[in-house]
Amino acid sequence: MRLHSFIPTIPSHLVSALEDCGIKTDTDLLFFDGSNIDILAKLPPGIVSLREFEEYTSLVAEHASAPATRGDQELETVLLRQDENAADVSCGVQELDALVGGFGGGRVFEISGEKGSGKTALALQISLRMLTAHANTSVLWMDTCGGFSAERTLRLANELNAEAASTVLERLQVSLVLNIETAQDLIADLHSLMDAGTEPRTPRPRCIVIDSVTPLLAPLLTAFSAQGHATMTSFMRELRNLARTYYLTFLVINDTSSCLPHNPDSVFAFTTRKPALGPSFTFLTDCTLWLSKTKNTQEAREGTSMHVAEVFRSRTTQSKTWCSFKIRRGVLYSAA
């Protein structure tokens, strides 16, 4: 979380001074590679005493800590609301919806796979179907590579027979996000918006897509410092907190890396790739869905591609399960 969101708990002049030193978030402050004295040495003389700085640091740590909840109350809340929220967020492919138990329920989905496997197509279809089915909802699409296509989106909306496609697309908000700081600011703004509530006729954010998360986090992960891993963990935990608190759906698209000779999480021996960002990233989400494109010459000649969706890990459904589906003209259909 950005330090400026802690104002006036922390004086604004201290926040500005910390940001000038490159300490912009609670993660930067709490996981600084050094002591509080090292941080004070970077600040202008006399701006804050050591005792005051330690008090402010404690306040940040307290605010950033997860609030305690009773397990029985949490379970009761989830069971009461999970089914209804999961069931009405659908990609439109019955087998794929059944594989993950629906795409709702206040969860964070990691969608990974090689280029052309259907990751963006799946996220886009879920988003447009949600916008079509629920007139008072909106979708936030965080484009990290500048590859979002308005033409493709409009074509898919028409293919899905969305009524008043232009009206539906007005509730699809696309933001160009080129670094983790911008992403953190957007999530902080979203948190503030959800806390404040929305007007009855104002579309409520219900789905957030990050396409893709890899360019935001991969540059931070090095073998020389744990700060990048801490930033990744803090960011993903904030997504899960938002998802659970407000029953939002997060679709986090992830790139791939090599995994020779075979990915042990897959049921198929030909899978030699794995999700990027390291093994710990998958445990920061609720479900890791792996997509792959199969070779089918006959289907390709007909303008249709065959794909496989596989659950590598899930908190709510069975892992190492899979189903097939097909994509024609950018639309996902049942393989049957």
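A salt bridge is a side-chain nitrogen of Lys or Arg within 4 Å of a carboxyl oxygen of Asp or Glu. R51 forms one with E55, and their closest N and O atoms are 3.8 Å apart.

## About the model

This is a predicted model, in which local features need pLDDT of at least 70 and side-chain atom pairs count only at pLDDT 80 or more, while totals for chains, interfaces and linings use all residues. Residues are numbered from 1 along each chain as its sequence is written, and side-chain values use heavy atoms, with hydrogens and water left out.

## Two domains

The chain is assigned domain 1 (3-64) and domain 2 (75-334). Such bounds come from an automatic or database domain assignment. The C-alpha centres of domain 1 and domain 2 lie 35 Å apart. Six residues from domain 1 and six residues from domain 2 make the contact. Contact here means heavy atoms within 4.5 Å.

## The interface

The size of an interface is often given as the accessible area lost when the parts come together. Buried area is that loss, taken with a 1.4 Å probe and summed over both parts. Between domain 1 and domain 2 it is about 500 Å². Carbon and sulfur atoms give 49% of this area. On the side of domain 1 that touches domain 2, one residue is nonpolar, three are polar and two are charged. In this scheme Ala, Val, Leu, Ile, Met, Phe, Trp, Tyr, Cys and Pro count as nonpolar, Asp, Glu, Lys and Arg as charged, and the others, Gly among them, as polar.

## Salt bridges

Side chains of opposite charge can pair when their charged atoms come close. The whole structure holds five salt bridges. Take R51 and E55 again: both lie in helix 4 (residues 50-64), four residues apart, about one turn of the helix. Helices (H or I, at least four residues) and strands (E, at least two) are DSSP runs, numbered from the N terminus. R51 is exposed at 63% relative accessibility. E55 is partly exposed at 44%. Buried means under 20% relative accessible area, exposed over 50%, and partly exposed in between (1.4 Å probe, protein chains only).

R244, D286 and R315 are linked in a network of salt bridges. R244 meets D286 at 2.6 Å, N to O. R244 lies in helix 12 (residues 227-246) and D286 in the loop between strand 7 (273-275) and strand 8 (287-293), so the pair ties together parts that are 42 residues apart in sequence. R315 meets D286 at 3.3 Å, N to O. R315 sits in the loop between strand 9 (304-314) and strand 10 (321-328), so its pairing with D286 ties together parts 29 residues apart in sequence. D286 is buried, at 3% relative accessibility. R244 is partly exposed at 30%, and R315 is partly exposed at 42%.

## A buried serine

S112 belongs to strand 1 (residues 108-113). S112 is buried, with a relative accessible area of 0%. A polar atom of the S112 side chain lies 3.2 Å from the backbone oxygen of N254. For the backbone oxygen of D255, the distance to a polar atom of that side chain is 3.2 Å. Leaving aside neighbours within four places in sequence, the contacts of S112 include K119, T256, P275 and W290.

Note on methods: Buried area = accessible area lost by both parts, 1.4 Å probe. Polar contact = N/O pair within 3.5 Å; in protein donor to acceptor, adjacent residues only side chain to side chain.
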